[in-house]
Amino acid sequence: MALTDYTSFRRNPALSYIFMTVFLLIMVSILNRRQQIIITSPENSVSLKNDENLANLLAEKSRKPAPREQWDTLDGIGYKFEKEKEIVMDPRFEELNNLPQCDLSVDKKPSKVDIPKLMDDFQKCITPIVEKWRDDVKGINTKWLKTSPCDSVFENIDTVPMANLHEVKWVILPTCKEDNVMVTLGIGHDTMAEEKLNRTLPNTNFYGADPIIEPNRQLYTAFGKYFPFAIGKKPGFTKFRVLPNQNQKTRKYEYQDVTTIPFTYFLSDILDLKQIDIAWIDIEGGEFEFLDQIHRDGALDEKGIVICQFNLEVHSKFHPPGAQVYHNFVFKILEDKRYVFLKPAATDVGVHRMFFINLENEQCIRKFLQ
C-alpha cells in the first residue's frame, strides 16, 4: 500500500468502521463453524457429554439446597382429643349427694378428728426433721421425701387420690352437702384428676387458669370455667415456663412471656370467692411469686379468703431463686400453725409435691374433718 493510500485510510473514519465490522463478522463465523464441528463430529461426542455434565453441575449448584431436616420441639402434633366416651360416675357420687346439708355454724359432736391433738402430733414429728434444714436451702429442696414418716400422724383422715397422667393429687371429701369450689392453677394439658373429682364430688364449681389456651380451654370447659392467663404476684407480662400445645410429642417446656394476673386479684376480684375448698397449684415455678400470701396476715387474709386444702408442686430446679422462697415458706407454715402438710412426692431433684390441710378455719374443719 502506498503511503498516500494509508494516510487517506486513517483520515477516513468510515473505512475504519467498515473494516472493523468485516473483521467481527469473520470472527463470529469462524466461532460458529467451530461449535458446529464439535457438535456434529462423532469423535467429539465425549466432549459433548462432558459439556452436558458440566452444565448439569452448574445448574445443580445454582439451585438452593434443600433444607436439612432438623429436630423441632414444636412438633406440630397438638393435643389429640379422645372420641366421646361413656361417663361412668364414681360410686361415692350418690353417697355424697345424699349427705345432710352443711351447717358450718356449729361443731359436730362427736368430732371425727381431734384437731388440737393432730396439730400437736404433727409439729412434734415434723419439727426435728425440718430443723435440720434451717438455713440449708439445698437440703430442704432436695430431701423433702424425708418428711414422709410424719404421714402416720394422719392415719385417721381419709385422703383420696385423684390421679392424672403424670402425678397424683390428693383431696379430702366433705362430710356434708353444699356447693364446693375447686381451683386449678396450671392445667398443663391434663384434666384427668379434675374429671375424676367431677365424677365423684357433686355440686362442685371448677375454675382453671393456664396461659396456654389450647388444649387447656377445650379440656377444662368440658366441666368448668377456663381463664387464659398465668397467676403471679403482679399484673403484666411475666416469663413463665409453659408447655406449648405443639409440644405434645416431646413434652418440652419453654419459657414464654405470658399475661399474668395477681393471685389474690384472681381469687377475690375475678372469681369473687371467700372460701376455696380444694386448690391444685402446679405452675412450673410461678408459685414462688405468691407463696408468702398464704401465710397468716398475708394478702389472702387481707381479702378474707380461706383455702381449706391444696396440693402444691414446687419447682426450684427451674427457678433457683425460688429455693430460698420455699425454705422460708416451710418455716413460716410451721410457725403459723395453720396448715399441716403430708403426702410428699418427688418428680425430680428440686421438683416435689405435697398436700396441705387447713386446721385453723372452723368452716373448713366442720366441712371436711368433723
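Tutor: Let's start with histidine 327, which counts as buried because its relative accessibility is 5%. Buried means under 20% relative accessible area, exposed over 50%, and partly exposed in between (1.4 Å probe, protein chains only). Keep in mind that this is a predicted model, where local features need pLDDT of at least 70, side-chain atom pairs count only at pLDDT 80 or more, and totals for chains, interfaces and linings use all residues. Residues are numbered from 1 along each chain as its sequence is written, and side-chain values use heavy atoms, leaving out hydrogens and water.

Student: Which residues is histidine 327 in contact with, leaving aside its neighbours within four places in sequence?
Tutor: Contact means heavy atoms within 4.5 Å. Histidine 327 touches Trp133, Arg134, Asp135, Asp136, Val137 and Ile140.

Student: How do I read a salt bridge?
Tutor: Side chains of opposite charge can pair when their charged atoms come close. The cut-off is a side-chain nitrogen of Lys or Arg within 4 Å of a carboxyl oxygen of Asp or Glu. Arginine 338 and aspartate 301 make one, at 3.0 Å from N to O. Arginine 338 sits in the loop between H11 and strand S13 (339-348) and aspartate 301 in helix H10, so the pair ties together parts 37 residues apart in sequence. Helices (H or I, at least four residues) and strands (E, at least two) are DSSP runs, numbered from the N terminus.

Student: How many salt bridges does the structure hold?
Tutor: There are 20. Arg296, Asp301, Arg338 and Glu360 are linked in a network of them.
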